[in-house]
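Student: I have a structure to go through with you. I want to know what stands behind each label. Shall we start?

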Amino acid sequence: MNISFTFRALAIIFVFGLVLNTQSCSKLEDLASGTTVYIETDVLLNPLTIQIVDAHLGIPLPADISVEVVGKDKDKIFSIMGERTLFVDTNRDDEVAAILPIGVRRIENFSVDNPLEFTLKIKAEGYMEAIESFSIVSERNKMKTVRLLNLANPVQSISKETSDFLAPVGGLSADLQISSSMNEEEEMVTIDMEEGTELYDIEGNKLSGDVHVDLIHYDIHSGEALQLLPGGTSVANARDKQGNSLGNMTFRPMGAISLDMYVGDKEVSAFSEPIEVTFYINGDMKNVETGQNVKEGDLLEIYSFNELIAEWQMEGEVNVSKDAAGNLVASYLQPHLSTWFIGGGRGCGRAPATKIFVTNTDVPEDSGERFYLTALYDADTDELVSTESFRFFDGEEIRLVRTSAFSAYFKIFEGATEDCFDQELFTSAVFETCDDEVYIDLTGLLNAADFVQINVEVRGSCSTDFNELVISPTLPILYRPDGCDTWNTLGVLLSGKGNTKALQKGEMYDFRISYRGLERCLLGLEVPASNTTIEINSPVYDFQETIEVVYDADGKSIDFIYTDIDVPDLACQEYVDTFGVDSDSDSNGGTGGGRPGDDD
Amino acid sequence: MNFGITTPILKVITLIFVLLFVSLNTIDAQEIEASSYPKVVKAVKSIALNAGTKGILGVDLGMNLNPSFGLRVGINYFDLSVNGYETNLNRFAYYADIDLTLKQSNIELLAEYAINDGKFRVVTGFAFFFNNTLRGKVQLRDHFTLNDVDLTPEEIGYFQLTADFSSRISPYFGIAFGKLIPSNQINLSFDLGTYYKSKPLVEIDATNVIRNNDLNEDVIERNITQYRWWPVLSLRLAYKIN
């Protein structure tokens with residue numbers, strides 16, 4: 001027998017027998033006596049919230065929006081309630097914007113140098129599939145917008161042609177041509193199919209019968225059209241002809257189409273003979289490779305969007321030539337259907353993305369949150385590359401992720417949302433989007449003083465039936481000025497605490513919380529210009545709270561401190577059902593039946 | 001549940017004990033003139049091993065100042081951890097997994113008053129604690145399934161409690177059964193008493209979904225404060241030095 005072990009075991013049993021069971025006739029559990037359980041709502045992180053709107057802003061969205069996640073990190077993307085299937089939150093009080101909060105597990109490591117990369121394919125009956133790639137670089141919630149294009153009502157920068165023809169069993173009975181209309185930039189595209197061409201589905205089965213064609217031609221001079229281009233033009237990765245990774249790329253298309261064909265409910269994927277695509281090119285456009293206006297003899301790259309991996313893949317090159325009328329054209333053979341473009345692209349290669357360093361002594365990092373709409377432009381063409389919102393607080397470092405290899409500049413706008421911005425507050429100098437450092441001083445330029453600082457602290461306590469559970473919400477609160485159709489982040493409540501400096505006295509705003517089933521929309525609320533009292537009633541729970549609006553002495557800030565809210569038992573029960581924080585061991589909570597409240 | 005002891009320290013204490021034991025006997029065997037002994041060494045009449053709640057293992061030296069009064073100076077090693085203690089705190093549907101570490105190694109100086117021919121002693125004194133902390137880490141025992149995600153306990157979070165008893169010196173009060181100096185070569189005695197420890201300062205470091213439970217610091221500090229009377233039950237195996 002090991003005497004040392006026996007001795008130690010006896011000693012330990014003796015000591016803990018006394019300490020744990022004898023002293024003060026107590027047990028370890030007594031140490032927790034009288035404690036309150038503080039539980040956060042962010043079981044998964046919510047680093048990204050996506051709002052989905054119609055390309056024509058202000059038009060109600062369809063009810064059947066579905067979302068598919070593809071791309072490198074698709075397995076790391078969940079709903080914020082841990083569901084693999086992503087659901088968009090709609091609200092009967094706001095039918096023009098659907099909200100999709102993205103959840104990521106806390107064990108995932110991601111940063112600017114190691115972002116989470118994924119692509120969403122957003123579908124709805126009658127709408128063009130929206131395919132958009134995202135990079136998550138920090139835990140801090142960011143808001144992005146995806147526009148859905150109603151095929152029956154396309155925007156001006158997109159021309160849509162439909163055509164129907166018969167494809168007999170033996171292939172087309174005659175040559176066939178489908179053309180888009182000429183746009184304002186004197187650009188168009190034609191599709192030619194040879195007699196005898198047979199159509200196949202994705203599994204290689206031959207298709208015959210009535211064929212329906214949707215041809216979408218993008219006006220690539222329009223930022224709006226480029227935003228709607230499936231896959232986008234700034235991507236985390238693209239592939240060469242052999243399928244090798246090209247890394248971070250920014251494309252500059254000189255012509256782009258999406259071509260879809262259907263035989264009944266079956267989608268045409270390939271042909272026995274490649275179809276010929278001819279782009280009519282505006283000669284005022286610059287060739288990425290030469291830096292000069294495109295001309296006869298230039299060589300352009302051809303890319304197609306591989307929807308399976310959600311990446312652009314180079315298909316080959318095409319020569320620019322002139323047709324009989326002297327128009328610049330580029331013709332190539334296209335063996336399969338999807339979205340294609342001609343043009344070029346550049347990447348940073350191994351060079352790091354450009355950093356932007358912000359000086360703004362008006363806005364310390366811990367001051368009230370206010371996001372400014374920022375638009376990045378291609379300095380060569382003045383075309384919009386992307387939009388995003390930033391706080392521009394003092395000391396903020398911004399990295400240009402998924403934007404590369406072009407000279408660029410950006411503008412900061414007054415106003416909060418993509419459809420409600422007007423006054424230009426700042427325009428940067430031109431910089432390179434790869435391996436550059438940009439220093440901007442925004443002190444005194446962002447009108448920060450005109451807005452009310454609102455500090456919020458909220459915590460809700462459940463009754464003793466629920467262990468006096470205290471719930472501290474972590475979620476973004478969305479807002480928009482009255483009359484706008486898209487949302488932006490007002491501020492993020494983190495463990496029930498948050499602040500904002502995005503509202504002005506006397507102005508009307510809409511507010512929305514949309515957190516995977518927790519849906520609340522308050523429309524047309526005016527920020528009181530003086531002290532007042534507001535009654536809040538829940539339509540679902542037996543709940544009423546009186547909010548005192550009291551400005552501080554200088555009239556520029558308000559504190560909302562409500563840490564003793566009595567949460568209705570019904571809401572607590574829903575939380576318990578969801579997270580399993582229950583009062584006895586026989587309870588059956590935790591595996592996800594309910595949600596923490598609908599329509600509260 | 002499993003327990004752990006920091007074995008290197010245990011070995012050091014054992015080594016000290018062995019060296020003391022051997023050196024004292026060596027001195028005796030050499031029959032060096034009594035006048036050349038330092039008085040304090042001459043006064044030491046027993047060396048003893050202790051085991052109990054004052055120290056998992058300790059060693060002390062005992063001496064009688066006169067037939068009624070004696071002194072003990074000792075060192076006690078106490079560095080104990082309990083890992084994997086499972087509880088639902090009698091409240092929750094889910095079990096927590098608790099790891100506890102208690103460190104309170106000390107040196108002590110005790111004065112004794114002998115009654116009944118030394119078979120019963122009243123003991124008082126104080127101990128200086130090298131470290132005086134209780135640390136506990138609490139997290140879910142099992143994975144937690146939230147819809148399609150199997151969340152690890154680390155993902156849900158933990159809270160780590162540190163109770164630091166602010167003063168390192170604690171008084172001791174107790175009684176002892178059995179003689180300080182064995183009548184024969186060896187005896188077994190028994191200490192029953194208590195240290196009165198200082199007020200603990202509690203800090204909680206919590207993460208993730210339970211990160212705001214540092215707000216419970218005051219409550220837990222009050223609860224632990226009830227444990228300032230640290231009970232001592234200790235067996236003492238003494239060897240008489242002739």
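Tutor: Start with a definition: helices (H or I, at least four residues) and strands (E, at least two) are DSSP runs, numbered from the N terminus. By that count, chain B has four helices and 16 strands. The model is predicted, so local features need pLDDT of at least 70 and side-chain atom pairs 80 or more, while totals for chains, interfaces and linings use all residues. Residues are numbered from 1 along each chain as its sequence is written, with chains lettered from A and ligands numbered from 1 in the order in which they are written.

Student: Why is A:Arg140 called partly exposed?

Tutor: A residue is buried if 20 or more other C-beta atoms, placed from the backbone, lie within 10 Å of its own, exposed if 12 or fewer, and partly exposed in between. A:Arg140 has 15 C-beta neighbours inside 10 Å, so it counts as partly exposed. A:Arg140 sits in the loop between strand 8 (130-136) and strand 9 (142-150) of chain A.

Student: How much of chain B counts as buried?

Tutor: The share is 39% of its 242 residues. In helix 4 (residues 217-225) of chain B, the buried residues are B:Ile220, B:Asn223 and B:Ile224.

Student: What makes them line one face of helix 4 of chain B?

Tutor: The arc is taken from the directions from the helix axis to the C-beta atoms. Down the axis of helix 4 of chain B, the buried residues fall within an arc of 95°, so they line one face. An α-helix has 3.6 residues a turn, so residues three or four places apart point the same way.

Student: What do the buried residues of helix 4 of chain B pack against?

Tutor: Strand 12 (158-165) and strand 15 (200-206) of chain B. Contact here needs C-beta atoms, placed from the backbone, within 7 Å.

Student: What makes a set of residues a nonpolar core?

Tutor: The members are buried Ala, Val, Leu, Ile, Met, Phe, Trp, Tyr and Cys residues joined through C-beta atoms within 7 Å. The largest nonpolar core has 167 residues, and A:Ile52, A:Leu100, A:Leu148 and A:Ile281 touch the most other members. Apart from it lies another core of nine residues, including B:Phe129 and B:Tyr195.

Student: Which residues does A:Ile281 touch?

Tutor: Leaving out residues up to four places away in sequence, they include A:Met254, A:Val294, A:Val320 and A:Leu328. A:Glu187 and A:Gly255 are also among them.

Conventions: Two residues are in contact if their C-beta atoms, placed from the backbone, lie within 7 Å.
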